[in-house]
Amino acid sequence: MSAGKSKIIYTLTDEAPLLATCAFLPIIRTFTGPAGVEIAESDISVAARVLAEFSDYLRDDQKVPDNLAELGRLTQDPDTNIIKLPNISASVAQLVACVKELQAKGYAIPDYPENPTTDEEKALKTRYGKCLGSAVNPVLREGNSDRRAPAAVKNYAKKHPHSMGEWKPWSQTHVAHMDHGDFYHGEKSLTLDKARDVKMELVTKSGKTIVLKPKVALKDGEIIDSMFMSKKALCDFYEKELEDCRQAGILFSLHVKATMMKVSHPIVFGHCVKIYYKEAFEKHGKLFDELGINVNNGMATLYEKIDTLPESKRDEIIRDLHACQEHRPRLAMVDSAKGITNFHSPNDIIVDASMPAMIRGGGKMWGADGKPYDCKAVMPESTFARIYQEMINFCKWHGNFDPKTMGTVPNVGLMAQKAEEYGSHDKTFEIAEAGIANIVDLATGEVLLSQNVEEGDIWRMCQVKDEPIRDWVKLAVTRARNSGMPAVFWLDPYRPHEAELIKKVEKYLKDHDTSGLEIHIMSQVRAMRFTLERVARGLDTISVTGNILRDYLTDLFPIMELGTSAKMLSIVPLMAGGGMYETGAGGSAPKHVQQLVEENHLRWDSLGEFLALAVSLEELGIKTGNAKAKLLAKTLDEATGKLLDENKSPSRRTGELDNRGSQFYLALYWAQALAAQSEDKDLATKFAPLAKSLAENEQKIVDELKAVQGKPVDIGGYYLADQAKVTAVMRPSATLNSLLQAASAA
Ligand SMILES: NC(=O)C1=CN([C@@H]2O[C@H](COP(=O)(O)OP(=O)(O)OC[C@H]3O[C@@H](n4cnc5c(N)ncnc54)[C@H](OP(=O)(O)O)[C@@H]3O)[C@@H](O)[C@H]2O)C=CC1
Ligand SMILES: O=C(O)CCC(=O)C(=O)O
Ligand SMILES: [Mg+2]
């Protein structure tokens, strides 16, 4: 594939967004065709990525191109225009399930070797590792992030406020984080004085030198950090918090981001599970090892593997696990009906979405009895956990936020070129033996940063390049100027990494005209309080943050303001000049697929996709001088505004308008907006018949879309669904299909 001036590359991903896209693409093409805009599909689903990685195992007719690598290259082309939908960042369990499904479909790919022993198995595991966790976004995000709620969306939320749980001052809900021994406390950071190649090595107490990462090429001006989490401090922390939680009688919940932090957070998660079930792990630890159980992947794997044991042994283990629960706090549930706890899988509770959902619900999570309870939300790393406690403090004092009146908090996030922690997984290590962990200049042998580490500690190096920082500061100033809002850099001078960033921010701000702008630099907790004081007064404030807070805040504020982050406009101006338009700020909503398969109702909201498509078309129109594309963008925005006004978003309830119905209304309003405009007679004439026929058949189409609901459907797979079956399910209205086809053919 190549970038083309009049081409939009549309990603095909997984789960709910993929289903929605199957219905939406024929609509898009009906509209973009007459403007000469090509829509090219690029499949970057987990299944496609696995097949591309294991091409050498496949028959020629089964081989697929490595689309992700290709898109990665295209991010460097100024003509590139990509619409990127949310995709699965796979856990080990998801990857294994995907491999099994592909094998069952006749793809002779190898098994995922969970516990590799031979060199061959180790090599396979490394290859599969490329498809694990957040493997897509860091490749495509070659620009910084601009996420905001467009005015129409914000106004809709004010007019139609979603429900909010009530916060009481006496709520026991709180955040627990470490106060020593975590990544924050021992961090060291420096700005490179020149380009250098470095290695990461461990000099053990027994005198061995183990090279963990042979070479990292660093650029001049780059900021690097060395930080570690002490296993001992982490385990002591869990013991203390578990006991505190038991005494308080509230639910225990653990919130990690095992997708993005795919090396460190599964380990952090695993320690918690092992401490909760300490006695059982002490008693059966050897057997668990023999069975290849790794609870870093969740208790689900343990239950699966002990199933192979004789019944008496299995029952003994289960009894011992239950005995541990007797003197531990109750766990927050992911699905109380199915008995799935917070420890089932590290990816079931993903902090960016899970903490806002809890705060929006008045500080409650679900207990095993299906009732809501106060909870202790455990996020071991104190660096960012503190923002949530600050918001909770505010809610306890102020009461819950009011979506009718609250201000908005857009975000400008430092993200480009794998910035900060989110780019560190290839430089993150679990320490095998106590010693000194050094970052060493390869040419001179000079030790740039060093840390004393113990066995089991997690040590990592993070990087952020200078050019992305300059671009981020520029984007922040531009957004502040265009919006008239104050902009706050959430930077903590007590944290070495952020102290280095502050120096650069202060310097690069001078490159811009900031007269009349209100720009602050505040530590996270102060920035949160400052922002919330304004939010409560209906005032808007841009948060300008690093990569992790970009992720956290772009779910947190939208979920309070709009009820979901799916309605966010999410733009990534690529540094090479192209554009990537993400659809919403949330994920791929696995629960929505479950509802579709069981009841043929898809509650997924494609609003983020409508917003992204409009900016993508607008940008293409500006760059290529294509007035028709610009008009498509303008009329699409009008249609989206009308969709909100007319309340035609998908409902959660089966039998009511769902994603497919909402897309129909978008097509109707878009055709009407094009027919009504007078800027381009050609397009008006072209779309008038469609506007008329869709309007005339509105009831018939809505009835056809409703009639199919309420019964299970078969989409022929999960990771690699059957295209024909998905199309049949997602396009069930013969009337709508034929009208779109007639319009495309005209
Ligand atoms: N940009 C990306 O590629 C991202 C990918 N992910 C991946 O997505 C998967 C799921 O992650 P998870 O943490 O559960 O977060 P999700 O954002 O997928 O889901 C959380 C909840 O948010 C609501 N939601 C999100 N998007 C929509 C939408 N468009 N329409 C309606 N409701 C929506 C749903 O609520 P309800 O169930 O109440 O309807 C959903 O269950 C993981 O594999 C994760 O790695 C996560 C974040 C970003
Ligand atoms: O890539 C991922 O796994 C998640 C991305 C994400 O949550 C975000 O960017 O908001
Ligand atoms: Mg996120």
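This is a predicted model: local features need pLDDT of at least 70, side-chain atom pairs count only at pLDDT 80 or more; totals for chains, interfaces and linings use all residues.
Let me start with a single side chain: glutamate 500, leaving aside residues up to four places away in sequence, touches Ser189, Leu190, Thr191 and Ile223. This glutamate is found in helix H16, which covers residues 496-509, and with a relative accessible area of 13% it is buried, because anything under 20% is counted that way.

Now the chain as a whole. The protein chain holds 26 helices and 24 strands, and along its principal axes the C-alpha trace spans about 80 × 70 × 60 Å. For 746 residues, a compact globule would have a radius of gyration near 27 Å, and the 26 Å of the protein chain agrees with that. Of those 746 residues, 59% are buried, and if we take the contacts with a separation of 6 or more, residues 24 or more positions apart account for 79% of them. As for the surface, the protein chain exposes about 28500 Å², of which carbon and sulfur atoms supply 51%. On the charge side, there are 92 positive and 102 negative side chains, and the centres of the two sets lie 2 Å apart.

Let me turn to helix H3, residues 67-74, where six of the eight residues are buried, leaving the helix mostly covered. Leucine 68, which is found in H3, has a relative accessible area of 10% and is buried. Leaving out residues up to four places away in sequence, leucine 68 touches Ile44, Arg49, Ala135, Val136, Val139 and Leu140. Its C-alpha atom is separated by 9.8 Å from that of asparagine 137, a residue 69 positions away along the chain.

Next, helix H18, which runs over residues 547-561. With 15 residues, H18 reaches 21 Å from its first C-alpha to its last, close to the 21 Å expected at 1.5 Å a residue. How many of its 15 residues are buried? The count is 15 of 15, and the helix is described as mostly covered. Just after H18, glycine 563 takes a positive phi of about 90°.

Threonine 408 brings us back to this part of the chain. Apart from neighbours within four places in sequence, threonine 408 is in contact with Ala149, Lys154, Met485, Leu539, Asp540, Thr541 and Glu561. The C-alpha atoms of threonine 408 and phenylalanine 557 are separated by 7.5 Å, although the two residues are 149 apart along the chain.

At 44% relative accessibility, glutamate 454 counts as partly exposed. Not counting residues up to four places away in sequence, glutamate 454 touches Lys205, Ile431 and Ala434, and its C-alpha atom is separated by 7.2 Å from that of serine 230, which is 224 residues away along the chain.

Finally, a word on backbone angles. Most residues other than glycine have a negative phi. Against that background, lysine 418 has a phi near 55°, a positive value in a residue other than glycine, and asparagine 600 has a positive phi of about 50° although it is not a glycine. Lysine 418 is placed in the loop between S15 and strand S16 (428-430), where it is partly exposed, with a relative accessible area of 40%. Asparagine 600 is found in the loop between helix H19 (590-599) and helix H20 (607-624), and there it is buried, with a relative accessible area of 4%.

Conventions
Residues are numbered from 1 along each chain as its sequence is written. Chains are lettered from A and ligands numbered from 1 in the order in which they are written. Side-chain values use heavy atoms; hydrogens and water are left out. Helices (H or I, at least four residues) and strands (E, at least two) are DSSP runs, numbered from the N terminus. The radius of gyration is taken over C-alpha atoms; the globule rule is 2.2 Å times the number of residues to the power 0.38. Buried means under 20% relative accessible area, exposed over 50%, partly exposed in between (1.4 Å probe, protein chains only). Contact means heavy atoms within 4.5 Å. Accessible areas come from the Shrake-Rupley method with a 1.4 Å probe; for residues, only the protein chains shown count as cover. Lys and Arg count as positive and Asp and Glu as negative; His and the chain ends are not counted. The place of a charge is taken as NZ of Lys, CZ of Arg, CG of Asp or CD of Glu. The expected span of a helix is 1.5 Å times one less than its number of residues.
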